[in-house]
Amino acid sequence: MEESWRILEFYSGIGGMRYSLMRAGIRGVVVEAFDINDKANDVYEHNFGHRPFQGNIQTLTAIDLDKYGAHAWLLSPPCQPYTRQGLQKGSADARAVSFIKILELIPHMLHPPLLLFMENVVGFETSNTHKQMIKVLTRVGFVTQEYILSPLQFKVPYSRPRYFCLAKRKPLSFQHPSCNNQLLRTPPSHLTSSSTIPKDRHHFSDGQEEFGISCEPIRNFLEAQTSYNPQPEYAGVSFCLKCNVCPANCEKNTDDALVNSGAPQDIENTNIRTGNIVEEVEGAKEDKIALDKYAVPISSIERWGNAMDIVYPDSKRCCCFTKSYYRYVKGTGSLLATSESINSKPAKKLEISSLKELCLRFFTPREVANLHSFPADFHFPPHIGLRQQIN
C-alpha cells in the first residue's frame, strides 16, 4: 500500500514494539498506544512525545476501534497468565481478560485490521488463550505464522526466548507461504544468515552452543568500557549515534552526532556504551565509582554464591532479567564479573572466597536496554527509580 500504515499499539509498555517498528523501516504512524501502567507511560511519553491512552481497554468497543482506521495492530499482552514460573491459569487469569476482549471485537468491526503482530512468553502457544486467538483470527480470514525465537539466534548474547505471531488478513499474503499456520522455532532464512540457524530446524534449545559461538560478547553491550571503537558496528552493519539506524557514512554521522543521551541520569564522565556503540571520554577512574551502586553485596555472595548465574565480559550468553532483579541475586538474571584478573572459569566451580574476588555487579538499566536492542537515544526520565527501570 502506498499510504502510511496506521498502527494501534496495545500494551505499549516503554515502547519496545514502537522501536522495533522504527528499526524495521516501516512507513507507518502510531495513531494510538494503550497501557494502564502510569510509570511505563511516563517513559513512553519521555521518548516519543506521545502519552498512551491509560484507560481500561476493556471498555473499548468495535465502533471505538473502527474510528482509528488502523491497518495494523501491535500487541504485547500481560505474560503472567502463561509464564512457567506462574500458575499458568491462561484465560482464567484476570490479566488475560483484556486481550481476549480485544480479540473478540475484531469480528464485529466494520474495518478490522489487515495485520497483527503479537508477542508473549514461551508457554502462550500451549494456552487456551492461544486457542481462542487462532479461532478468532481464522474466523475473520487471517493467515498466521508463529515463531519461538531468542535473541541468541540474532547474535545478541541474551537468553530470552519469546513467542511471536504474525497474522495477515486475506487477500494479503506472506512472502513465504510454506511457513503459514505453523509454529517454527527458527527464524526463516530470509531474516537471518544460515550460520545462525540450527542444524535441526524443528528443535530449539535456548542454550545451544552454536548460538553462543555466533553471538557477540557481552562486553559489546556494557556501559563502561576502557576501549574505543571508532567504527561502531551492529551485526556487521555500521550505524551512527544520532539515529542508530542509518549507515555510519550517512550525512547525519558528524561529530555532533557522537553524543549519548541514553546514559542513566546519575552517571557522568564515563565511557558509555550505547547499543553496540562505544564512546571514548575522559574520567576512566569514575567508571568504578559510578558503578559501585550496582555491586552485589558480600552477604548475598556468601548466601547465594553457588546459585547465582555469573557471566564474564567475554561470555556470549546471559540469562533473562526479571522484575526482581536488583532485589534478589538468585534466579532473577545474570551477574557480571568485573575484576581485571578474572577468567571465564565456571563460577559454580569457584569457592565463595574466589567469588568475592570477581567484583560482581548487576547489569545497569542501560545495559539491560542494550541487550533488549533498545536504541542509543532511549532513556528513562529522571524520576523513574532503579527498580522501576527493570520492571
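Student: Phe10 and Trp73: buried or exposed?
Tutor: Phe10 is buried, and Trp73 is too. Buried means under 20% relative accessible area, exposed over 50%, and partly exposed in between (1.4 Å probe, protein chains only).

Student: What kind of model is this?
Tutor: This is a predicted model, where local features need pLDDT of at least 70, side-chain atom pairs count only at pLDDT 80 or more, and totals for chains, interfaces and linings use all residues. Residues are numbered from 1 along each chain as its sequence is written, and side-chain values use heavy atoms, leaving out hydrogens and water.

Student: How many aromatic pairs?
Tutor: Rings of Phe, Tyr and Trp (its six-membered ring) pair if their centres lie within 6.5 Å; planes under 30 degrees apart are stacked, over 60 edge-to-face, the rest tilted. That rule gives 20 aromatic pairs.

Student: Why is the pair of Phe10 and Trp73 edge-to-face?
Tutor: Their ring centres are 5.1 Å apart and the planes sit at 65°, so the pair counts as edge-to-face. Phe10 is in strand β1 (residues 5–10) and Trp73 in strand β3 (residues 72–75), so the pair ties together parts 63 residues apart in sequence. Helices (H or I, at least four residues) and strands (E, at least two) are DSSP runs, numbered from the N terminus.

Student: Which residues do ring pairs link into a cluster?
Tutor: Tyr158, Tyr294, Phe321, Tyr325, Tyr326, Phe362 and Phe363.

Student: Now the largest nonpolar core. Which residues touch the most other members?
Tutor: Phe10, Trp73 and Met133, out of 31 residues in that core. β1, α3 (62–68), β3, α4 (97–105), β4 (115–121), α5 (128–140) and β6 (162–169) each supply at least two of its residues. A nonpolar core is a set of buried Ala, Val, Leu, Ile, Met, Phe, Trp, Tyr and Cys residues joined through side-chain atoms within 4.5 Å.

Student: What does Met133 touch?
Tutor: Phe99, Leu103, Met118, Phe124, Tyr163 and Cys165, leaving aside residues up to four places away in sequence. Contact means heavy atoms within 4.5 Å. Another core, of 30 residues, lies apart from the largest one; Ile218, Phe321, Tyr325 and Ile390 are among its members.

Student: Which residues in α4 are buried?
Tutor: Ser98, Phe99, Ile100, Ile102, Leu103 and Leu105. Their cover includes β1, α3, β3, β4 and α5.

Student: And in α1?
Tutor: Met17, Arg18, Tyr19 and Leu21 are buried there. The buried residues of α1 pack against β1, β2 (28–34), α2, β3 and β4. After α1 comes Gly25, with a positive phi near 75°.

Student: How do the axes of α1 and α2 cross?
Tutor: Helix α1 (residues 16–23) and helix α2 (residues 38–48) have axes that come within 11 Å and cross at roughly 25°. That makes α1 roughly parallel to α2. Axes are lines fitted to C-alpha atoms, for helices over the stretch in contact, with angles from 0 to 180 degrees between N-to-C directions. Under 35 degrees is roughly parallel, over 145 roughly antiparallel, 65 to 115 roughly perpendicular, the rest oblique.

Student: Which residues meet there?
Tutor: Arg18, Tyr19 and Met22 in α1 meet Tyr44, Asn47 and Phe48 in α2.

Student: How many helices and strands?
Tutor: Eleven helices and 14 strands. Of the 391 residues, 49% are buried.
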